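Colleague: I am new to this structure and would like to talk it through. Could you please bring it up?

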Amino acid sequence: MKKFIFFTAHGVFFTFGVIQFLIRGVNSERAHQALIYLFCATGGYFNDWCSRIMSIWHKPLEQMNKIGMIGDMGGAFGDVALRQLQEKGYIVFENALPSDVCDRLMNFALTTPANIRAMDGEEKPLTPREAIYSAEKPEAIRYDYKSSDLLLNPDVQNIMADQSILALAEAYLQARPKLDVVSMWWHTRFHSRGDSEAAQFYHFDMDRVKWLKVFIYLTDVGPNDDPHAFIAGSHRSGVIPQHFLNKGYKRLMDDEVFSHFGEKSEVKIAAPRGTVLIEDTRGFHKGSPVSGNPRLLLQMQLSNSLFGVSYPKAILPSQKTPALAAQLTRIADVYEAYL
């Protein structure tokens, strides 16, 4: 009875949150917490139901083609990529980003101030502490670059406009994608202990109803560099055991995860710089503590709706690359989070 009351109450909070979002375009923390609860209570099936409803009103993207940095998503290759995403929850495209683009983004990361993220046990400052990353003397585990700086970068703008990534996201989400996260960070060798603030323990994400994350490696990540790890297939509804979901957003240790899924289910994604990893982070994943070379990653998120958590607002600058300007002319609503 108690569980039924809780489920009903969260269903009401979720419904009112959706109505508020549709009328005012505003997300509430109570509605977001309700989404997390309903995901955990149903093993993910609630999100699947919501996504099917969203797909009814889906208006396809108006793109000239579906070719871009990860290949041609309009033919057989795209079908294979989609099936792997659906079955395993991730797909890797090695050497997708050209070397000269990687060089320019690395130069950006070495010359642009980043926010130093507070680590476990540290109090988060009211104003983020900024510093230029130094490989010789890192000051913390993670450095985060500001969205406003990233949106000014021409290479980042061109990646945001990539037609192949948008096409694969649309096929997976079964909805017109919304780009709502653009971020970049360093993971450093500050110390070898795992840190939950740096997402270095196993966890699932739940900021939206359905989404994909695009990780772009801007440094080589070898097998001895503690690469990103994912539990293959754990993104599917009904796969994560209920005793894990009952813990909610709590980070899990490796042995807890392996006790259910087994060590062989863990995929460690070592790959050269320029690699694009696309992942449904509803599945268990983590960024392993760095004991080898430091890692620089660029990330985008594409969702089937902007309903969920509220992110700090960032605005696209007036100066845009031709590729992004063309996309804004055709499909501006994909970028509405930044308009």
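Colleague: How many positive and negative side chains does the chain have, and how far apart do the centres of the two sets lie?
Modeller: There are 36 positive and 37 negative side chains, with the centres of the two sets 5 Å apart. Lys and Arg count as positive and Asp and Glu as negative, while His and the chain ends are not counted; each charge is placed at NZ of Lys, CZ of Arg, CG of Asp or CD of Glu.

Colleague: What should I know about the source?
Modeller: This is a predicted model, in which local features need pLDDT of at least 70 and side-chain atom pairs count only at pLDDT 80 or more, whereas totals for chains, interfaces and linings use all residues. Residues are numbered from 1 along each chain as its sequence is written, and side-chain values use heavy atoms, leaving out hydrogens and water.

Colleague: What are the dimensions of the box that the C-alpha atoms fill?
Modeller: Along the principal axes, the box is roughly 60 × 45 × 45 Å.

Colleague: What share of the residues is buried?
Modeller: Buried residues (under 20% relative accessible area, 1.4 Å probe, protein chains only) account for 54% of the 339 residues.

Colleague: Which residues touch the most other members of the largest nonpolar core?
Modeller: Of its 88 residues, these are Ile 70, Phe 93, Tyr 145, Met 184, Ile 278 and Tyr 335. Such a core is a set of buried Ala, Val, Leu, Ile, Met, Phe, Trp, Tyr and Cys residues joined through side-chain atoms within 4.5 Å. A second, separate core of 11 residues includes Val 221 and Phe 230.

Conventions: Buried means under 20% relative accessible area, exposed over 50%, partly exposed in between (1.4 Å probe, protein chains only).
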